[in-house]
Amino acid sequence: CPTGHVDVGESEEKALLREVKEETGLKVEKYRLILEEERQGNGCRYNHFDNHYWFVYECFAKGELRQNNESHSLRWYSPEVISDLALIPSWQHWLKKLKII
């Protein structure tokens, strides 16, 4: 799942479009906000903050999936395979909340 921070002066929607393109090579055509929540104790690799306000979107995107230095194990997964992955705690939380795992 692509993730990223909203840059100063950027809307959540602009960050969504930018991060998906940067991390996957895909161009988001349509999107819908499905969850948002502040998560305490949710530091990131940059360790800027101990909590984050998350916006989780469902997207329809086009293009060719492209692995790069910002993406890890980038590919399409079925819910069955996702259940067996060693997910970071944030994605365990969201995918359980969405009833995907």
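**Why the labels fit**

User: Why is C1 called exposed?

Analyst: C1 has a relative accessibility of 63%, so the label is exposed. The scale runs like this: buried is under 20% relative accessible area, exposed is over 50%, and partly exposed is in between (1.4 Å probe, protein chains only). A heads-up on the source: this is a predicted model, where local features need pLDDT of at least 70 and side-chain atom pairs count only at pLDDT 80 or more, while totals for chains, interfaces and linings use all residues. Residues are numbered from 1 along each chain as its sequence is written, and side-chain values use heavy atoms, with hydrogens and water left out.

User: How do you know whether E19 is buried or exposed?

Analyst: E19 has a relative accessible area of 10%, so this residue is buried. E19 sits in helix α1, residues 12-24. Helices (H or I, at least four residues) and strands (E, at least two) are DSSP runs, numbered from the N terminus.

User: What makes the E19 and R18 side chains a polar contact?

Analyst: They come within 2.9 Å. The rule asks for a pair of N or O atoms within 3.5 Å; within protein, one must be able to donate a hydrogen and the other to accept it, and residues adjacent in sequence count only if both atoms are side-chain atoms. This one is side chain to side chain, so the pair passes. Beyond four places in sequence, E19 is also in contact (heavy atoms within 4.5 Å) with P2, T3, G4, H5 and E70.

User: What puts the buried residues of α3 on the same side?

Analyst: In helix α3 (residues 89-97), the buried ones are S90, W91, W94 and L95. They span an arc of only 115° around the axis, so they share one side of α3. That arc is taken from the directions from the helix axis to the C-beta atoms. P89 and K96 are exposed on the other side. The cover over the buried residues includes β1 (27-40), β2 (51-62) and α2 (79-84).

User: Why is the W54 and W94 pair called tilted?

Analyst: Rings of Phe, Tyr and Trp (its six-membered ring) pair if their centres lie within 6.5 Å; planes under 30 degrees apart are stacked, over 60 edge-to-face, and the rest tilted. A search of the whole structure turns up 4 such pairs. One of them, Y53 with F55, is tilted, at 5.1 Å and 55°. W54 and W94 have centres 5.6 Å apart and planes at 45°, so they are tilted too. W54 is in strand β2 and W94 in helix α3, so the pair ties together parts 40 residues apart in sequence.

User: What makes up the largest nonpolar core?

Analyst: The 7 residues are L35, W54, V56, I82, W91, W94 and L95. Such a core is a set of buried Ala, Val, Leu, Ile, Met, Phe, Trp, Tyr and Cys residues joined through side-chain atoms within 4.5 Å. β2 and α3 each give two or more residues, with the largest share, 3 residues, from α3. Another core of 5 residues lies apart, among them L16, L26, V28 and Y57.
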